[in-house]
Amino acid sequence: NLTKSILDPNFTTEGVENIQKFLHDLIGFYVIMEGIFFYAGFAMMLALKRQNKMVGIGQQFEYIMRDESLHLAFGCDVINTIKEENPDAWTESFQKEIVDLIAQSVELEKKYAYDACPEGVLGINAEQFSNYVEYIADRRLERIGLPRLYNTANPFEWMSQAADLNKEKNFFETRVTEYQSA
């Protein structure tokens, strides 16, 4: 379970072992779930949007991705602050445990990519999504002070633009202006 201690109402952060459990669960939630698991799905939807397929839902995924990017940044800042305040909890063996957990998560997400896109669709394929997952996993590892595992190039450079989306309009105040007539 990636978030067991966070959900336990009796959990405390007293002692090194509990701080490690807390860090484990924060990494499970922010880095793995929000920072890795969500991103292959974002890439799949936004790849379709780039090809003018499912544009409306693609725009909504851009907003969701922007939100998740903020969650990820906040989570990594919390994790890094706890590490700084509790250096005795960030042991070499604990770091290895975290790297192994992230590596296992990457393998699961790559399996998801092959399940979701086994034959490829519209010029995008599972191998690209798997490479993207490795690329973002390395970024997440670095963000919390751990070494890269994969050194994979980003197959979707355009995803950086989507993550850095800077829309100034309020979604609820916009009107649909692109209707197709028969």
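A residue counts as buried when its relative accessible area is under 20%, as exposed when over 50%, and as partly exposed in between, using a 1.4 Å probe and protein chains only. The structure is a predicted model, in which local features need pLDDT of at least 70 and side-chain atom pairs count only at pLDDT 80 or more, while totals for chains, interfaces and linings use all residues. Residues are numbered from 1 along each chain as its sequence is written, and side-chain values use heavy atoms, with hydrogens and water left out.

A disulfide is a covalent bond between the sulfur atoms of two cysteines. With a disulfide taken as a pair of cysteine sulfur atoms within 2.5 Å, the count comes to zero.

Helices here are DSSP runs (H or I, at least four residues), numbered from the N terminus. Two packed helices are described by the angle between their axes and the distance between the axes. Each axis is a line fitted to C-alpha atoms, for helices over the stretch in contact, and angles run from 0 to 180 degrees between N-to-C directions. The axes of helix α1 (residues 16-50) and α2 cross at roughly 160° and come within 9 Å. Angles over 145 degrees count as roughly antiparallel, and α1 and α2 are therefore roughly antiparallel to each other. By class, their contact has 23 nonpolar, seven polar and five charged residues. In this scheme Ala, Val, Leu, Ile, Met, Phe, Trp, Tyr, Cys and Pro are nonpolar, Asp, Glu, Lys and Arg are charged, and the others, Gly among them, are polar.

Helix α2 spans residues 55-85 and includes Ile-57. Ile-57 is partly exposed because its relative accessibility is 38%. Its C-alpha atom lies 8.9 Å from that of Leu-46, eleven residues apart along the chain.

What is the angle between α3 and α4? Helix α3 (residues 92-116) and helix α4 (residues 126-143) pack at about 160°, with their axes 9 Å apart. That makes α3 roughly antiparallel to α4. Contact means heavy atoms within 4.5 Å; the residues of α3 that meet α4 include Val-99, Ile-102 and Val-106, and those on the α4 side include Phe-129, Val-133 and Leu-141. By class, this contact has ten nonpolar, one polar and four charged residues.

Finally, Phe-11 sits in the segment before α1. Leaving aside residues up to four places away in sequence, Phe-11 touches Ser-5, Asn-18, Lys-21 and Phe-22. The C-alpha atoms of Phe-11 and Lys-21, ten residues apart along the chain, are separated by 9.7 Å.

How values were computed:
Helix = DSSP H or I, 4+ residues; strand = E, 2+ residues; numbered from the N terminus. Parallel < 35°, antiparallel > 145°, perpendicular 65-115°, else oblique.
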